[in-house]
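Hi,

Here is the structure I promised to pass on.

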Amino acid sequence: MDDQIRPYVTVTGTNRSLDTPCLQLEIHNAPRILCTIRRLPTHRGSDSRPCLFKWSPVGDGFVPNGFILLCHVRSAEERITLQRVEIAPDPAYNPALVQSSSVQISPWTSSLWELKTGDSVSFRTSLPDHWERQLRPGTTYELLWPGGTIGLWEWGTIQQHLEEELTPCSGSGRNLVELPGGARTLLSVDSVPSLPAPKVSPEPVGGGARVPGAPILSVELQCPPTIYCQGPFQITGKVHYHRPISSEARAIIFHTWIFTDDFGLYRCKGTDLQFIDTESPIDGYAIYDDPDVLSNVTAHNDFTTLQPGESWEFSRHIQGQSWTSIPRDAHVGETFGVRYNGGTVDWWDWGGKEDHANTRVTLPCYLTGRVVDPAENEGRPRLVIPASNLANFTLADSD
């Protein structure tokens with residue numbers, strides 16, 4: 001380890017517990033910041049089972065006791081020394097909420113990852129705005145991970161613990177997972193990207209976009225009338241399969257992945273809707289080294305079957321214990337709305353579970369993405385789902 005960064009590294013991994021997974025963080029800047037966590041081959045006596053854990057560069061990296069920004073200072077003798085740049089924490093950061101929060105285990109839980117030995121997960125992110133404001137033109141910096149611990153983790157897979165609560169290590173008998181320090185990457189004003197441009201409000205898909213010959217599905221959203229300044233808030237959606245009038249009523253099976261995205265959050269100003277860009281670097285995206293996976297559509301949780309007249313329900317969170325999509329400048333009494341803006345199902349077919357007992361499709365290795373094969377839904381008509389209603393709620397003080 002470089003002597004100049006040694007004083008900043010607080011976790012070295014030398015005291016790593018044998019009953020925890022062996023994880024390592026790497027950082028690169030090409031051109032955006034890429035953070036990779038690798039599950040290293042097990043050391044003697046340690047467990048080789050898969051593990052799951054919650055970590056993200058925004059929620060765990062760009063926080064107090066997280067990443068450190070070091071400035072290259074050139075002396076008169078042309079020697080370069082490293083000087084720490086002091087950065088005030090984000091005013092919205094609440095360590096009490098982050099450290100005490102539990103999460104429900106599901107494939108949609110933000111920043112929850114599953115790794116076997118030899119696997120890795122990567123995140124592309126940018127410097128937070130209040131970090132970028134510290135940078136000076138013509139100066140070189142280093143982003144350093146000093147080391148830390150992961151308190152939300154468990155042995156096993158997401159499927160094995162589906163819908164269970166993942167609780168902090170304190171009081172559970174599990175040791176903290178050490179994520180040793182030392183990973184670093186060079187930054188400069190020219191190479192550090194600016195924050196992404198705000199997203200433009202998506203145009204809602206109208207009913208006229210439906211394609212003849214495809215099933216007719218619609219979405220209805222519901223939510224409590226009040227959202228409080230703290231605590232989880234959930235939107236419930238119902239996908240209804242309408243009974244055809246002029247053709248034979250048949251069961252359908254479809255991929256529900258389309259309902260993981262394409263939701264819009266809006267400020268309601270009378271009859272006007274003001275789109276809120278809820279995209280956050282905390283979501284990033286995962287890069288896995290495994291190949292695509294062949295999955296049976298009747299055994300996978302992201303496929304469902306409906307008879308005409310039936311509905312399938314799902315839920316999405318607008319706010320959790322330690323995070324929210326509501327803007328920081330929101331005021332008590334302000335009204336918001338959520339709408340599913342519509343989209344096209346990537347895979348569907350006629351028939352129920354019995355008809356598709358042996359039907360398999362290829363999914364990306366992280367299992368929650370678009371169907372890779374067969375492509376173009378094997379020529380069946382596009383199943384377009386129009387936008388839903390607007391589900392409204394009002395912000396109130398904590399109850």
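Let me start with W55: leaving out residues up to four places away in sequence, W55 touches L25, I37, D60, G61, F67, S111, W113, F123, W145, I150 and L179, where contact means heavy atoms within 4.5 Å. Before you read on, note that this is a predicted model, where local features need pLDDT of at least 70 and side-chain atom pairs count only at pLDDT 80 or more, while totals for chains, interfaces and linings use all residues. Residues are numbered from 1 along each chain as its sequence is written, and side-chain values use heavy atoms, with hydrogens and water left out.

W55 is also one of the residues with the most contacts inside the largest nonpolar core, alongside L25, I27, I37, F53, F67 and L143. That core has 32 residues; a nonpolar core here is a set of buried Ala, Val, Leu, Ile, Met, Phe, Trp, Tyr and Cys residues joined through side-chain atoms within 4.5 Å. Buried means under 20% relative accessible area, with a 1.4 Å probe and protein chains only. Apart from this core lies another, of 31 residues, including F259, F314, Y340 and V345.

Now the aromatics. A search of the whole structure gives 17 aromatic pairs (Phe, Tyr or Trp rings, the six-membered one for Trp, with centres within 6.5 Å; planes under 30 degrees apart are stacked, over 60 edge-to-face, the rest tilted). F62 and F67 have ring centres 4.9 Å apart and planes at 55°, so that pair is tilted. F67 also pairs with W145, edge-to-face, at 5.4 Å centre to centre and 70° between the planes. Elsewhere, F254, F259, F263, W312, F314 and Y340 form one aromatic cluster.

R174 lies over the face of W153, 5.9 Å from the ring centre, and the charged end of R250 is over the ring of W350, 4.0 Å from its centre.

Cheers

Definitions and conventions. Buried means under 20% relative accessible area, exposed over 50%, partly exposed in between (1.4 Å probe, protein chains only). A charge sits over a ring if NZ of Lys or CZ of Arg is within 6 Å of the ring centre and within 35 degrees of the ring normal.
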